[in-house]
Amino acid sequence: MGSLEEEKTTTGWAARDPSGVLSPYTYDLRSTGPEDVYVKVLFCGICHTDIHQAKNDLGMSHYPMVPGHEVVGEVLEVGSDVTKYRVGDRVGVGIVVGCCRNCGPCKSDLEQYCNKKIWNYNDVYTDGKPTQGGFAGEMVVDQKFVVKIPDGLELEQAAPLLCAGVTVYSPLVHFGLKQGGLRGGILGLGGVGHMGVKIAKAMGHHVTVISSSDKKRKEALEHLGADAYLVSSDENGMKEAADALDYIIDTVPVVHPLEPYLALLKLDGKLILTGVINAPLQFVSPMVMLGRKSITGSFIGSTKETEEMLEFCKDKGLTSEIEVVKMDYINKALERLEKNDVRYRFVVDVAGSKLD
């Protein structure tokens, strides 16, 4: 085993400017320490956030940038103080790779809400080096932000769970919506939305998919197992469904009206925002006041929640619906994702790709 203190070089696919086009990029991995895990990347899911970051949609991108935050791999080396992992373990890495460890959220195992969290790419690590993501051959990650992939989960299937899966699981658990018998809505049937249907159904909920068109009706009802399907532009259908849902997980990552969906909620119902949107959303206050309804948000999940979610998916036999591609297809995959032309998540076969 080589020294973990030695810097390592890897090759990833990086955006160089706001065009968002990715191309091969060789760089040094940050210096590693006693609590770090050196991971060979095997698969990495593609999330809508990767497009936002690569194209500087949020106005805070730094280049060159290697995206990818649904990372699944194999442990190659571990630091001297690593206790959770061994060489050869199957592991996952999500979007957060650092935090202050001292604030309220950190002490509550909710490090994703730490104001000093460190993103796994497009950020700067504690040593001053830029962080780079999972569209690359290897990563070095602090053991606190690594999760073990349970035996019985296929690695390529597990990748989207590290973002899309926990993004739904976390708010359902936190807001007390895990018990059976609830009536839930999933707004938007993409990468996060399709896992929302599966997880909510596995919790025993009656699930309504809400979409902008009728084209996904058959797949939602017959393939994913949803109980009902609403088209948001169908005024009569939306009226008939008013005051029916305990919650809605809103996964839509673009500007959209909130009032039509608030009308679907029961008294004390919750509209939970999970999509990253770079413009204000609007609603009139009586839509909330007259039903004591809540508009809230949730951001991915903690390491602890991710581990719980992976075990839940294993126990319930849940998998993600994916299309596996090689790295040389990445730019085409990003184009298709922008058009919602994927069922329902792209996963890059990193280890099986020629990176340079």
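Mentor: Let's start with Asp 268, which is partly exposed, with a relative accessible area of 34% (buried means under 20% relative accessible area, exposed over 50%, and partly exposed in between, with a 1.4 Å probe and protein chains only). This is a predicted model, where local features need pLDDT of at least 70, side-chain atom pairs count only at pLDDT 80 or more, and totals for chains, interfaces and linings use all residues. Residues are numbered from 1 along each chain as its sequence is written, and side-chain values use heavy atoms, with hydrogens and water left out.

Asp 268 forms a salt bridge with Arg 292, and their closest N and O atoms are 2.6 Å apart (a salt bridge is a side-chain nitrogen of Lys or Arg within 4 Å of a carboxyl oxygen of Asp or Glu). Asp 268 sits in strand S16 (residues 265-273) and Arg 292 in the loop between helix H9 (286-289) and strand S17 (294-297), so the pair ties together parts 24 residues apart in sequence. Helices (H or I, at least four residues) and strands (E, at least two) are DSSP runs, numbered from the N terminus. Arg 292 counts as exposed, at 56% relative accessibility.

Now compare another pair: Glu 70 forms a salt bridge with Arg 345, with the closest N and O atoms 2.5 Å apart. Glu 70 lies in strand S4 (residues 70-78) and Arg 345 in strand S19 (residues 345-349), so this pair ties together parts that are 275 residues apart in sequence. Both Glu 70 and Arg 345 are buried.

Elsewhere, Glu 323, Arg 336 and Asp 341 are linked in a network of salt bridges. The structure holds 17 salt bridges.
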